[in-house]
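Here is a short tour to read alongside the structure. Have the viewer open and follow along as we go.

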Amino acid sequence: MSDRALFIVRATVPEADRAAFDRWYETDHLPDAMATFGASSAWRAWSTDDPAVHVAVYAFETTEAAAAVPSSPGLERLIGDFEARWGNRVPRTREIVRVVQAIEA
């Protein structure tokens with residue numbers, strides 16, 4: 001069984017903010033968050049079912065490393081930066097999931 005885990009952030013972005021949000025997340029936020037968390041990889045996606053939904057995923061080699069993210073000073077800083085830029089216009093949820101199986105082609 002794997003001990004890997006994912007830290008997932010789901011955001012709902014108003015249509016008027018999507019283009020700016022997409023650029024900012026690509027160039028600033030995702031690289032900063034990945035480095036701050038010490039994630040082994042990160043990716044993000046827009047939902048094809050609901051174009052307002054943006055999901056960012058940060059991968060960790062251990063569940064313990066992912067579990068440290070919510071109480072980290074780095075997350076507090078990133079939340080502060082996020083809220084300074086987007087205010088309360090972009091609500092978010094966060095969760096940690098443990099990888100129980102992975103199959104590569």
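The side chains of Asp 17 and Arg 89 are joined by a polar contact of 2.8 Å. Please keep in mind that this is a predicted model. Asp 17 sits in the loop between β1 and α1. Is Asp 17 buried or exposed? Its relative accessible area is 13%, and because buried means under 20%, Asp 17 counts as buried. Which residues does Asp 17 touch, once its neighbours within four places in sequence are set aside? They are Trp 86 and Arg 89, and Arg 89 is also the partner in the polar contact.

Now to the sheet. Its four strands form an open arrangement in the order β2-β3-β1-β4, and the pairing is antiparallel. At the edges lie β2 and β4, each of which pairs on one side only. From one strand to the next, the twist averages 15°.

| Element | Residues |
|---|---|
| Strand β1 | residues 5-12 |
| Strand β2 | residues 41-46 |
| Strand β3 | residues 53-60 |
| Strand β4 | residues 92-98 |
| Helix α1 | residues 18-37 |

Between β2 and β3 there are six bridges, in the antiparallel sense.

Technical notes:
Residues numbered from 1 in each chain as written. Predicted model: local features only at pLDDT ≥ 70, side-chain atom pairs only at ≥ 80, totals over all residues. Heavy atoms only, no water. Pairing = 2+ DSSP bridges. Helix = DSSP H or I, 4+ residues; strand = E, 2+ residues; numbered from the N terminus. Axes fitted to C-alpha atoms, helices over the stretch in contact; angles between N-to-C directions. Contact = heavy atoms within 4.5 Å. Buried < 20%, exposed > 50% of the residue type's maximum accessible area, 1.4 Å probe, protein only. Polar contact = N/O pair within 3.5 Å; in protein donor to acceptor, adjacent residues only side chain to side chain.
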